[in-house]
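Subject: Structure handover and findings

Dear colleague,

Please find below the structure that I am handing over to you.

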Amino acid sequence: MDEQIQNRLTLVTRKSCFGLPTACPWCLPVYIYLKFANIPFHLAYNLTFPDSDQIPYVDSDTYVAYNNERGGVIESLKEDNIVNLDSGVESVPEWVSTVAMITSWLSDAILYELWVGSDGSCAHKIYYSDLPWPIGKLLYLKQVHNVKHLLGISKDNAERREDEIYRRATLVYQVLSTRLGEDSFFSDNRPTSLDAIFLGHALITLYALPETSVLRGKLLEQANLVKYADKHKAELLDVGSSSSNPSSSSSSAPKRGPSNWSSKPKSQPPKRERTQEEKNFRRKAKYFLVTQMVAVLVFLSLLGGSDDTEVDADEGIDYDN
């Protein structure tokens with residue numbers, strides 16, 4: 001275990017909302033995993049690249065682990081011997097199969113709820129509310145198309161796939177409820193990545209999804225899972241910690257790739273001349289917004305001739321926060 005890396009970790013996520021430190025389904029489990037491990041970390045928000053698959057990621061001076069590499073951030077932290085909460089259970093078949101159900105069937109269900117089975121207001125608040133409205137709207141429509149493709153949803157099978165997604169999610173909730181019972185954790189009375197992954201899912205389902213959400217209703221049927229989620233939320237998320245307070249600029253960018261920009265503070269000291277780095281950032285930011293809009297417009301024009309999936313460009317989305 002590399003203590004030098006541990007003491008300098010920064011976790012970069014999408015922003016906080018709905019009373020959660022981050023409401024992104026991929027970011028919150030990593031946050032909870034580090035909390036369970038009692039690892040001090042600095043929390044930073046990336047508001048510039050809502051569709052980056054590198055987020056979440058953790059880094060220090062000499063280390064970085066991205067969401068889109070090596071099975072995700074948690075797996076990278078384990079493989080690199082930074083922090084491993086799963087020692088002793090990783091080879092237990094029941095534990096492995098339970099994690100697989102959460103990361104497949106429940107993952108599909110939360111994707112469906114955010115992008116297909118709702119009006120999109122939750123997804124907008126989590127991902128796009130800090131972007132100009134046209135950019136956010138177009139990126140939302142693009143993501144709806146991507147999710148439908150990922151979940152295998154077409155005009156002909158939409159109702160059948162919806163029933164299947166909710167049926168599988170209900171089954172997973174029942175299995176988890178039986179396995180948990182009245183315990184505080186799923187395995188050996190101690191936290192593992194299974195707890196972090198499910199808690200991330202459960203808290204977003206309970207607190208971010210609307211009361212009319214079908215998935216939320218399915219989870220509420222399992223009283224012990226709701227009690228479990230609320231208990232850990234109170235212990236892990238509702239108590240402030242200086243080691244995980246977000247950066248004041250609330251913005252950070254991946255270290256490489258198209259997101260390799262520096263964050264500009266929201267306010268500047270009076271009469272201070274901008275540095276060359278800040279001038280470069282402003283120029284790149286303008287370029288980013290223009291190229292994103294052009295790319296999405298091209299995407300939508302191509303989508304208009306496809307019958308594989310259906311995306312209604314006139315869907316009513318309430319973007320008022």
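Predicted model: local features only at pLDDT ≥ 70, side-chain atom pairs only at ≥ 80, totals over all residues.

Residues are numbered from 1 along each chain as its sequence is written, and side-chain values use heavy atoms, with hydrogens and water left out.

Overall make-up

The protein has 11 helices and four strands; these are DSSP runs numbered from the N terminus, helices being H or I with at least four residues and strands E with at least two. Of the 321 residues, 50% are buried (under 20% relative accessible area; exposed is over 50% and partly exposed in between, with a 1.4 Å probe and protein chains only). Among contacts (heavy atoms within 4.5 Å) with a separation of 6 or more, 73% are between residues 24 or more positions apart.

Helix packing

Helix H2 (residues 27–36) packs against helix H10 (residues 223–237) at an angle of about 70°, and their axes are 11 Å apart. The axes are lines fitted to C-alpha atoms over the stretch in contact, and angles run from 0 to 180 degrees between N-to-C directions. H2 and H10 are therefore roughly perpendicular (65 to 115 degrees; under 35 is roughly parallel, over 145 roughly antiparallel and the rest oblique). On the H2 side, Tyr31, Ile32, Lys35 and Phe36 meet His232, Leu236 and Leu237 of H10.

Helix H5 (residues 121–128) is mostly covered, with six of its eight residues buried. These are Cys122, Ala123, His124, Ile126, Tyr127 and Tyr128. Their cover includes helix H4 (93–115) and helix H6 (133–151).

Individual residues

Thr103 is in helix H4 and, at 44% relative accessibility, counts as partly exposed. Thr103 lies 95 residues from Phe198 in sequence, with 8.7 Å between their C-alpha atoms.

Ile55 and Pro56 are joined by a cis peptide bond with omega of about 5°. Pro56 belongs to the loop between strand S2 (41–45) and strand S3 (57–59).

Asn38 has a positive phi, near 55°; this residue sits in the loop between H2 and S2 and is exposed, with a relative accessible area of 66%. Asn81 also has a positive phi, near 60°. Asn81 lies in the loop between helix H3 (73–79) and H4, and is partly exposed at 45% relative accessibility.

Yours sincerely
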